[in-house]
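Please examine the sequence and the structure shown here before reading on.

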Amino acid sequence: MVKITVQDIIPWKEYEKIRMEKIRRIAQIKDKRRVELGDRLTLLFENRDTVLHQIQEMVYLDRLEDEKDIQHEINVYSSLLPCNGKIKATLYINAYDFNDLKKVFSELKGIYNSVFLKVGEKLIQGEPEAGREQGDEFSTVQYLTFDLEGEKSTQIEVFVLHENYKVSKKLPEDLAKELIEEAYEECS
């Protein structure tokens, strides 16, 4: 996996001119990498394109120009790059309004600890990023890491095994193949 550098980031004033084109392009990429898991969960498998876009958007929205500030954003989001035997994904927990969000907090507590990939015959629990739970409430965006521990099968299925929410979905073969290839690139 080729790391993201400050040179990869388009200055925000230039990016502003091509932003809608870039958003349309990344939407197509994300569409192929997004897995709907019932009505409450969406899993987006990250890659260099999705992470670079996230950084680019942060630079644009915050109007960052200083290399040190841009590098900070790169450092924050680079942890989402798949490599060294790990698949990375963002889990979105869907709520429709504030009352529904309270229902999510009470009924789906710890849901982010309940997402697994079955790769071949191996069941791998997604490990959430530390620090995203705040007492009875939790972030509805969670970053998960799936350590493949050497497994390379392209037969991949997602399982959510929560006491109040169970769903499974087999990944398309082309996406599964991409995920395995990306996961086994070396972090640079």
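## Salt bridges and a disulfide

Lys177 and Glu181 form a salt bridge, with their closest N and O atoms 3.6 Å apart; the term denotes a side-chain nitrogen of Lys or Arg within 4 Å of a carboxyl oxygen of Asp or Glu. Because Lys177 and Glu181 lie 4 residues apart in helix 5 (residues 173–183), about one helical turn separates them. Helices (H or I, at least four residues) and strands (E, at least two) are DSSP runs, numbered from the N terminus. Lys177 is partly exposed, with a relative accessible area of 47%, and Glu181 is likewise partly exposed at 46%. In these terms, buried means under 20% relative accessible area, exposed means over 50%, and partly exposed lies in between (1.4 Å probe, protein chains only). Salt bridges with shared partners also join Arg33, Glu178 and Glu182 into one network.

The model is predicted: local features need pLDDT of at least 70, side-chain atom pairs count only at pLDDT 80 or more, and totals for chains, interfaces and linings use all residues. Residues are numbered from 1 along each chain as its sequence is written, and side-chain values use heavy atoms, with hydrogens and water left out.

The whole structure contains 10 salt bridges. The table lists some of them.

| Pair | Closest N and O atoms |
|---|---|
| Lys177 and Glu181 | 3.6 Å |
| Glu16 and Arg63 | 3.9 Å |
| Lys122 and Glu149 | 3.9 Å |

The salt bridge between Glu16 and Arg63 links distant parts of the chain, 47 residues apart: Glu16 belongs to helix 1 (residues 12–33), and Arg63 to the loop between helix 2 (48–61) and helix 3 (67–77). Glu16 is partly exposed at 40% relative accessibility, and Arg63 is partly exposed at 37%.

Lys122 forms a salt bridge with Glu149. This pair also joins distant parts of the chain, 27 residues apart, with Lys122 in strand 5 (residues 122–125) and Glu149 in the loop between strand 9 (141–147) and strand 10 (156–162). Lys122 is partly exposed at 25%, whereas Glu149 is exposed at 57%.

Which cysteines form a disulfide? They are Cys83 and Cys187, whose sulfur atoms are 1.7 Å apart; the criterion is a pair of cysteine sulfur atoms within 2.5 Å. The pair links distant parts of the chain, 104 residues apart: Cys83 lies in the loop between helix 3 and strand 3 (86–93), and Cys187 in the segment after helix 5. The torsion about their S-S bond is about 80°, so the disulfide is right-handed. Cys83 is buried at 8% relative accessibility, while Cys187 is partly exposed at 37%.
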